[in-house]
Every structure is written in C-alpha cells, then in structure tokens.
Amino acid sequence: MTQTAANGRILRSGSHLKDTTTFPPFFSCPGEVKDIWPMIVRLMVDVEDIEGRKCRVAMHIQDRGMSFMQKKNLVKAGHTIAVLYPMSHQFMDFSEGFRIEDPSNVMFIRSSLKELFDADTKVRSPLPAKCCADNCDKDEDLQACSGCRITRYCGKEHQAAHWGAHKAECKAISALSWFHNKDWTRFQNRQWFSFPPP
Ligand SMILES: [Zn+2]
Ligand SMILES: [Zn+2]
C-alpha cells in the first residue's frame with residue numbers, strides 16, 4: 001500500500017517514523033547520538049531514543065568504525081543513527097545496547113531525531129497555502145523549494161531570505177526519502193543502507 005505526500009513523494013507502507021511497528025522506540029532506531037566515546041578500541045556512541053531511553057552502540061566491525069569517523073561532520077552529538085535489524089546486546093559492564101557487526105546496517109544522519117520527526121509530519125501535511133517567508137501573505141504563483149518540494153515562496157528573494165530558517169528542515173526532509181521509499185511491512189528482502197552513508 002502506498003500513499004502520496006503533498007509534495008508528490010510516494011510514502012510506502014510502514015514508512016511513517018511514528019509507526020512503532022516498523023520503528024519501535026526502544027532499542028530500535030533511529031536514535032539521537034548524545035556522546036561519542038574516545039576512539040580507543042572502536043567507535044562507540046551513547047544513543048537516546050525518541051522516548052528518552054539510552055543505550056550504547058558499539059562498532060564491532062573490521063575498521064572499528066573509522067569509515068564513519070572519517071566522514072566530515074557525520075558522527076556528532078545531536079545527529080541521528082539508524083540501525084537495521086538491531087540485536088540487543090549486553091556489554092561486559094552490564095550496560096545494554098547494540099553490537100554492530102555489519103556496517104551496512106548502520107546509517108548516521110546529519111539531522112537531530114526531532115528534526116526528522118518534524119520533517120516526517122511535514123511531509124504528511126498539506127502544502128503551505130502561502131509564501132513561507134516571514135510576514136508574507138502572498139498565496140498565488142508560489143514556487144516550491146527544489147530540495148524538499150514542500151516550502152513554497154512568492155519568488156527567489158523570499159526563498160533566499162528564508163533559507164537560514166529552512167535549511168535544517170530541508171535537509172531532514174531529504175534524509176527521510178530513504179525511509180519513505182521502503183515498504184516496511186515486507187521483510188522478505190533484507191534491506192541495506194547504501195554504504196558509505198549519504
Ligand atoms: Zn513571499
Ligand atoms: Zn526545502
């Protein structure tokens with residue numbers, strides 16, 4: 001079953017981030033990175049899910065997580081990590097979390113969890129009726145932002161003026177397309193994040 005968002009994007013079954021069947025909030029992702037451990041043995045991050053519960057994600061992979069660390073501005077507090085097919089693991093110090101053995105099951109996203117949830121809601125809402133720039137009421141001949149195809153403007157000038165406020169949101173909406181394009185109710189075929197991550 002598919003649904004079409006206001007901006008024309010196809011939303012496949014179960015792709016709603018608030019669908020707890022496909023994106024259960026505990027020990028599942030996405031979750032937001034809160035702390036990054038010093039890179040001594042391997043990359044480890046402490047993650048907080050949408051309900052505020054914390055867990056650890058440790059990269060037990062061949063390069064110890066270096067490929068993620070080498071991507072500029074990717075592994076950072078306030079960014080989001082998503083893990084496919086997470087397996088709960090109890091670490092030596094009895095803390096719980098995920099032990100990652102396949103890097104293609106992990107994606108870091110340069111947006112906060114809240115930004116992604118807000119973007120998810122926005123994609124499912126009707127398009128704004130008037131120009132999105134502050135204090136502009138124009139509601140005719142609006143042109144959509146080419147990045148997200150959701151915010152709309154009366155012209156280039158107002159689009160440029162609003163970019164500072166819209167940039168993070170636009171990026172979050174784009175990051176969601178990977179999730180929206182998948183039918184999360186079907187698990188016959190295993191899914192992988194494209195690796196290296198975007
Ligand atoms: Zn305007
Ligand atoms: Zn945009």
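Analyst: Start with how helices and strands are assigned. Helices are DSSP runs of H or I with at least four residues, strands are runs of E with at least two, and both are numbered from the N terminus. Keep in mind that this is a predicted model.

User: How many helices and strands does the protein chain have?

Analyst: There are four helices and eleven strands.

User: What share of the chain counts as buried?

Analyst: Of the 198 residues, 32% count as buried.

User: Which residues touch the most other members of the largest nonpolar core?

Analyst: That core has 34 residues, and Val57, Ile81, Ile100, Leu116 and Leu176 touch the most other members. Several elements give two or more residues to it: the strands β4 (44–48), β5 (54–59), β6 (80–83), β8 (96–100) and β9 (106–109), and the helices α2 (113–123) and α3 (156–175).

User: Where does this core lie relative to the domains?

Analyst: It lies between domain 1 (17–116) and domain 2 (127–175), because both give residues to it.

User: How do I read two helices against each other? Are α2 and α3 roughly parallel or roughly perpendicular?

Analyst: Compare their axes. Those of α2 and α3 come within 8 Å and cross at roughly 75°. Angles of 65 to 115 degrees count as roughly perpendicular, so α2 and α3 are roughly perpendicular to each other. On the α2 side, the contact is made by Glu115, Leu116, Ala119, Lys122 and Val123. On the α3 side, Ala168, Glu169, Ala172, Ile173 and Ala175 make it.

User: Let's finish with one residue. Where is His79 found, and is it buried or exposed?

Analyst: His79 is found in the loop between α1 (66–69) and β6. A residue is buried if 20 or more other C-beta atoms lie within 10 Å of its own. His79 has 20 such neighbours, so it counts as buried.

User: Which residues does His79 touch beyond those up to four places away in sequence?

Analyst: Val33, Leu74, Phe108, Ile109, Arg110 and Ser111. Check Ser112 too: its C-alpha is 4.7 Å from that of His79, though the two are 33 residues apart in sequence.

Key:
Residues numbered from 1 in each chain as written. Chains lettered and ligands numbered in written order. Predicted model: local features only at pLDDT ≥ 70, side-chain atom pairs only at ≥ 80, totals over all residues. Core = buried A, V, L, I, M, F, W, Y, C linked by C-beta atoms within 7 Å. Buried ≥ 20, exposed ≤ 12 C-beta atoms within 10 Å, placed from the backbone. Domains from an automatic or database assignment. Axes fitted to C-alpha atoms, helices over the stretch in contact; angles between N-to-C directions. Parallel < 35°, antiparallel > 145°, perpendicular 65-115°, else oblique. Contact = placed C-beta atoms within 7 Å.
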